[in-house]
Amino acid sequence: FDDKIWFDRSMDGGQTWLDQDIVAFAGTSGWDQQVPGVGRVNGMPVTCTDLSGGPHHGRVYINYTDQINVNGSTKTLAYIVYSDDKGTSWSQPVRIDEDNSVEHQFFTWMAVDQITGRVHVVFYQRKEGAGWLTDVVWASSNDGVIFDAKVISESAFSPNSEVFFGDYNNISAHNGVIRPIWTRNDKGRLSIWTALINE
């Protein structure tokens, strides 16, 4: 509510919860977002914690999308915020892909490799001027601050807004083996895809 991402926490494995709502980020466009060609876009946040024993052990990450106005045009962009003190305070938002030609990034999902500590994110992406043509991007980072992003779909697709696309993608990561999974909507024809990524 109030266009904020709220964080609640338990210190005993979920048996009890602290009576404190913490604002992780203020100023989001909310979870119900509009992207042309997609009937419904869920911008709900995803939370993961680094338990790898590495340099960022204990860091909590929240991945989400936000819609902002840029020179009169609405852009949907993927972000991360993180906390190093168990959610008491949060970083400023980090854009996952700094490409200024991006118009929409949506249906983002995140995983933290609990062996390496690397952060992995998958989302759909559209460039300005590309219409409804949509690619799939995988982005990875050692610290949730500097990301390397690349297109992993073999080709772009153009969805049909009258066919339900779904609400989520997903990604798993373990010891450098990364498996994103996503849906293609080729003019109403749905198919499920993955990429075999081994770091």
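Let's start in a loop: N160 sits in the one between strands β12 (148-151) and β13 (170-174). Keep in mind as you look around that this is a predicted model. Is N160 buried, exposed or partly exposed? Its relative accessibility is 25%, so N160 counts as partly exposed, since that label covers the range between under 20% (buried) and over 50% (exposed).

Now see what N160 has around it. Leaving aside residues up to four places away in sequence, N160 touches G37, N185, K187 and G188. Take K187 from that list: along the sequence, N160 and K187 are 27 residues apart, yet in space their C-alpha atoms are 4.5 Å apart.

Next, the aromatic rings. How many aromatic pairs does the count come to? The total is twelve aromatic pairs. One of them is Y64 with Y79, a stacked pair with 5.7 Å from centre to centre and 20° between the planes. This pair links distant parts of the chain, because Y64 belongs to strand β6 (residues 60-70) while Y79 belongs to strand β7 (residues 73-83), and strands are runs assigned by DSSP. The two residues are 15 residues apart. Y64 is buried, and Y79 is buried too.

For another kind of geometry, look at F107 and Y124. Their rings form an edge-to-face pair, 5.9 Å centre to centre, with 65° between the planes. Here too, distant parts of the chain are linked: F107 is in strand β9 (residues 102-112) and Y124 is in strand β10 (residues 119-127), 17 residues apart. F107 and Y124 are both buried.

Find W193 and look at the face of its ring: R184 lies over it, 5.6 Å from the ring centre.

Finally, let's go to the surface. Which residues form a nonpolar patch there? They are W31, M44 and Y168, and together they have about 340 Å² of accessible area. Pick out M44 from this trio: you'll find M44 in the loop between β4 (38-42) and β5 (46-49). M44 has 35% relative accessibility, so M44 counts as partly exposed.

Methods
Residues numbered from 1 in each chain as written. Predicted model: local features only at pLDDT ≥ 70, side-chain atom pairs only at ≥ 80, totals over all residues. Heavy atoms only, no water. Patch = residues over 30% accessible without salt bridge, like charges linked within 9 Å, V, L, I, M, F, W, Y side chains within 5 Å. Areas by Shrake-Rupley, 256 points an atom, 1.4 Å probe, with all protein chains shown as cover. Salt bridge = Lys/Arg side-chain N within 4 Å of Asp/Glu carboxyl O. Helix = DSSP H or I, 4+ residues; strand = E, 2+ residues; numbered from the N terminus. Buried < 20%, exposed > 50% of the residue type's maximum accessible area, 1.4 Å probe, protein only. Phe/Tyr/Trp six-rings, centres within 6.5 Å; stacked < 30°, edge-to-face > 60°. Lys NZ or Arg CZ within 6 Å of the ring centre and 35° of its normal. Contact = heavy atoms within 4.5 Å.
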